[in-house]
Amino acid sequence: MAPIAVTPPNQGNDETLSALTEQGIEQALLKNAPSQLKSASLTNTLTSIPHQQQESKLPQPIDAPLPELDASKLQCTYTTSPRPVPAVGSAEMASQRVCSDHMIQAQWTLESGWAAPTLQPYGPLSLLPTASCLHYATECFEGMKLYRGYDGKLRLFRPNLNCNRMLMSTNRIALPGFPPEELLKLVVKLCATDGAKWLPKDRPGHFIYIRPTMIASDPALGVERPKEALLFIILCCFAPMAPSATGIKLLASQDDMCRAWPGGFGYAKVGANYGPSLVAQGEARRQGYHQILWLFGDECTVTEAGASNFFVVWRTKGGRLQLVTAGLEEKIVLDGVTRRSILELARTKLATMEGDLEALEVVERKFTIDELVEAADEGRLVEAFAAGTAWFITSVSQIHFRGKDIKVPMARGDAGAYAATLKGWLKGIMWGSDGMEGHEWGRIVEEE
Ligand SMILES: *Cc1c(COP(=O)(O)O)cnc(C)c1O
């Protein structure tokens, strides 16, 4: 890549105004993570960074740059009142209210850049009621997991992709940039600190959920670009995933509601995408469905299922077997790490499958619910599943669309055959089993 002039990301100069455009976001990524942008396309924001890559020292302009987010400056204050770890199977464990002993915070201001991050006891934030994030949804987040492996090790799954995506999300809502590798170091540090206690070695197969978050904390009601922000990282207990014996049932969204639209922000993990979806989700639950299948536009294109990406396996009218998921080009679909990993595994391992599974073609494209209904009616629908970090890979058994129930086959009884196979491979990588212990997508965390 050609050398580029670099200015600090945290100066609110005019060029940041272009952050609404794809180009603007790419510029920000170039400034913060030049090593990761191989080609200029937003859909490459998740492009992985090789593990051993040296940090590139950015050329600094002569005006003293403001301090960057810097994990090496971390100041640690350890808790003096450790919290109990919920018992396996307890209601507390499933409540998603219990966090580990510590959290990491880092403050940013327009004038002073990033302050030294702190590791400190978990506890409430201090915000004034005028804080920007409480009024204008200047908030974005990530969702990752720390896995306790069957080989006793702690692992993260492709965490660099989440850190890159967080940078992209912050750009979309005018929050400050940061070097994604510094965020990753902070995530690793928190996991290293609390992992041993909160994911004890006698709980292989368990995980804790990692929530890096950034909010605008300016105590000023004016509707303007944030001048102050807070980054924090917490580890939250989650019930271990119970295998679903029946698959999930999806309710297709009604004409009067959509999750995201071209020119919007559906591709970014910003809080503003989620609150407004809860009305539809509540309605789905009330009617006995697990999630909404989000359709878009007059053609009813299929986008995502809840906050997970959606995949279908079908046979084309011409008889070709395909794994299909919505493309990213309209930016109404989130570029999921699980989605990306499934596509990569499918392209390398399922395209030339031998044995009990038939090889299939992998297709990212716009498709409509009518195509899905037609495939089901003609017996060409093979399976469907939702995929994301939180709920992993879950087979779909039924989709309700405009008064009609589409029955989705699950060849293995409790799952589709392709979903089960992909899930098995990813499980092996995440939890270090089935010969996948050394896979490059699993990043081992050394416990403290
Ligand atoms: C987080 C999320 C996903 C899944 O992304 P992963 O990186 O696989 O966890 C999919 N869709 C939406 C809307 C999401 O918020």
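**Entry 1: Leu175**

I began with Leu175 and listed its contacts beyond four places in sequence: Thr138, Glu139, Cys140, Thr170, Met214, Ile215, Ala216, Pro226 and Ala229. The model I am reading is a predicted one. I located Leu175 in the loop between α4 and α5. Is Leu175 buried or exposed? Its relative accessible area is 4%, and since buried means under 20%, Leu175 counts as buried.

**Entry 2: Thr138**

I turned next to Thr138, one of the contacts of Leu175. Thr138 sits in the loop between α3 (133–136) and β5 (139–141). With a relative accessible area of 9%, Thr138 is buried. Setting aside residues up to four places away, I found that Thr138 touches Ser132, Cys133, Ile173, Leu175, Met214, Ile215, Ala216 and Pro226.

**Entry 3: The largest nonpolar core**

Which residues of the largest nonpolar core touch the most other members? I found Leu146, Ile210, Met214 and Leu231, in a core of 45 residues. Two or more residues come from each of β2 (102–109), β6 (144–148), β7 (154–157), α4 (159–172), α5 (180–198), β8 (207–216) and β9 (228–236). The greatest contribution is that of α5, which gives nine residues. I also recorded a second, separate core, which has 34 residues, among them Tyr147, Val337, Leu357 and Phe385. In soluble globular proteins, nonpolar side chains tend to be buried together.

I then examined Leu146 itself. Beyond four places in sequence, its contacts include Leu154, Leu156, Cys191, Ile208, Ile210 and Val445. Arg155, Gly195 and His206 are also in contact with Leu146.

**Entry 4: Asp101**

I looked up Asp101, which lies in the loop between α2 (91–94) and β2. Asp101 has 5% relative accessibility and therefore counts as buried. Its contacts, leaving aside neighbours within four places, are Thr79, Pro82, Arg83, Gln120, Pro121, Tyr122, Asp194, Lys197 and Trp198.

**Entry 5: The ligand**

How many residues surround the ligand? I found 14, the closest being Lys269, Tyr274, Glu304, Thr338 and Thr389. For Tyr274, an N or O atom of the side chain is 2.4 Å from an oxygen atom of the ligand. For Glu304, a polar side-chain atom is 2.4 Å from a nitrogen atom of the ligand. For Thr389, a polar side-chain atom is 2.6 Å from an oxygen atom of the ligand. Taken alone, the ligand exposes 370 Å², and the protein buries 97% of that area.

I sorted the shell around the ligand by residue class: four are nonpolar, six polar and four charged. At least two residues of this shell come from β13 (308–315), and at least two from α7 (337–350).

**Entry 6: The whole protein**

The protein has nine helices and 19 strands. Of its 448 residues, 54% are buried. The accessible surface comes to about 19500 Å², and carbon and sulfur atoms account for 54% of it. Among contacts between residues at least 6 apart in sequence, I found that 73% join residues at least 24 apart.

Technical notes
Residues are numbered from 1 along each chain as its sequence is written. This is a predicted model: local features need pLDDT of at least 70, side-chain atom pairs count only at pLDDT 80 or more; totals for chains, interfaces and linings use all residues. Side-chain values use heavy atoms; hydrogens and water are left out. A nonpolar core is a set of buried Ala, Val, Leu, Ile, Met, Phe, Trp, Tyr and Cys residues joined through side-chain atoms within 4.5 Å. Buried means under 20% relative accessible area, exposed over 50%, partly exposed in between (1.4 Å probe, protein chains only). Helices (H or I, at least four residues) and strands (E, at least two) are DSSP runs, numbered from the N terminus. Contact means heavy atoms within 4.5 Å. A residue is near a molecule or strand if one of its heavy atoms lies within 4 Å of it. A polar contact is a pair of N or O atoms within 3.5 Å; within protein, one must be able to donate a hydrogen and the other to accept it, and residues adjacent in sequence count only if both atoms are side-chain atoms. Accessible areas come from the Shrake-Rupley method with a 1.4 Å probe; for residues, only the protein chains shown count as cover. Ala, Val, Leu, Ile, Met, Phe, Trp, Tyr, Cys and Pro count as nonpolar, Asp, Glu, Lys and Arg as charged, and the others, Gly among them, as polar.
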